[in-house]
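Open the structure in your viewer and keep the selection tool ready.

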Amino acid sequence: MPLNILITAGPTREPLDPVRFLSNRSTGRMGFALAQAAAEAGHAVTLIAGPVALPTPPGVRRVDVLTARDMLAAVQAHLPQADALIASAAVADWRPEACSPTKLKKAQMAGVIRLVPNPDILKTIHPQKGSRTFVGFAAETGEPDAEAARKLREKGLDLIVANDVTAPGAGFAHDTNRVTLLYPDGRREPLPLLPKLDLARRLIALLPTLR
Ligand code: C5P
């Protein structure tokens, strides 16, 4: 049965002034591969994308956002129609407390950039989960399982896709990924090194089994 699938992808960008921002190394490849795989499988797909340099996969409705707060608002706007949410975006955890309307002078910057935490999108929308399926990602440096299992619990997910972004062929800016799937009942399924599109197809095929 075709599902309505909401996917977040890419980094978020948190402005400091008109020319500078805080972000991370996410390229959006995993999320765009998920959107492509979901559309190919006949699902209706809305892709909420941070600033990335990737073409929109055919048949996918794309919503571009910049900041974590924009991404949260877009997720909240599209969640009511969604059967499943796959949160593959690498949301910036912190943002500069203020964004200067004019370019900050070098001397103004030393030691005065105060950061405030961004909202956690998955935690914020959890009260609206209902019967929807929520899938998250956990990118760690080093053995990811313990951290990923904690995030699975704390964010109330049906599945978390854990990877060590420093492992060969895994993580940011690679076309392959090696992940372990962790389920709420404690099941753990390590997958082999796979092209991101093959991994995306496997994850999309799993979605109906998680409901
Ligand atoms: O806590 P951490 O950022 O490692 O968690 C990763 C998972 O949580 C990903 O699925 C990511 O999209 C999501 N996330 C979120 N809001 C944040 C940070 C992460 O929804 N502010």
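Start with the second largest pocket, which has a volume of about 160 Å³. A pocket here is an open set of points on a 1 Å grid over the protein atoms alone, where a 1.4 Å probe fits, with protein on both sides within 12 Å along at least five of seven lines; lining residues have an atom within 4 Å of a point. The volume is the space filled by probe spheres set on the points, which are joined across faces, edges and corners.

This is a predicted model, in which local features need pLDDT of at least 70 and side-chain atom pairs count only at pLDDT 80 or more, while totals for chains, interfaces and linings use all residues. Residues are numbered from 1 along each chain as its sequence is written, and side-chain values use heavy atoms, with hydrogens and water left out.

Select the lining of this second pocket: Arg29, Phe32, Ala33, Gln36, Leu54, Pro55, Pro57, His174, Asp175, Lys196 and Leu197. Helix α1 gives the most, four residues. Helices (H or I, at least four residues) and strands (E, at least two) are DSSP runs, numbered from the N terminus.

Stay with two of these lining residues, Arg29 and Asp175. They form a salt bridge, with the closest N and O atoms 2.9 Å apart. The term means a side-chain nitrogen of Lys or Arg within 4 Å of a carboxyl oxygen of Asp or Glu. This pair links distant parts of the chain, 146 residues apart: Arg29 is in helix α1, and Asp175 is in the loop between β10 and β11 (176-177).

Is Asp175 buried or exposed? Asp175 is exposed, because its relative accessible area is 54%, whereas Arg29, at 27%, is partly exposed. Buried means under 20% relative accessible area, exposed over 50%, and partly exposed in between (1.4 Å probe, protein chains only).

Next, select the largest pocket, with a volume of about 830 Å³. Of its 38 lining residues, Ser88, Ala89, Ala90, Val91 and Phe137 lie nearest the centre. Strand β9 supplies the largest share of this lining, four residues.

Now pick Arg62 and Asp64, another salt bridge, whose closest N and O atoms are 2.9 Å apart. Arg62 is partly exposed at 24% relative accessibility, and Asp64 is exposed at 53%.

Last, select Arg114 and Glu97, a salt bridge with its closest N and O atoms 3.0 Å apart. Arg114 is exposed at 58%, while Glu97 is partly exposed at 47%.
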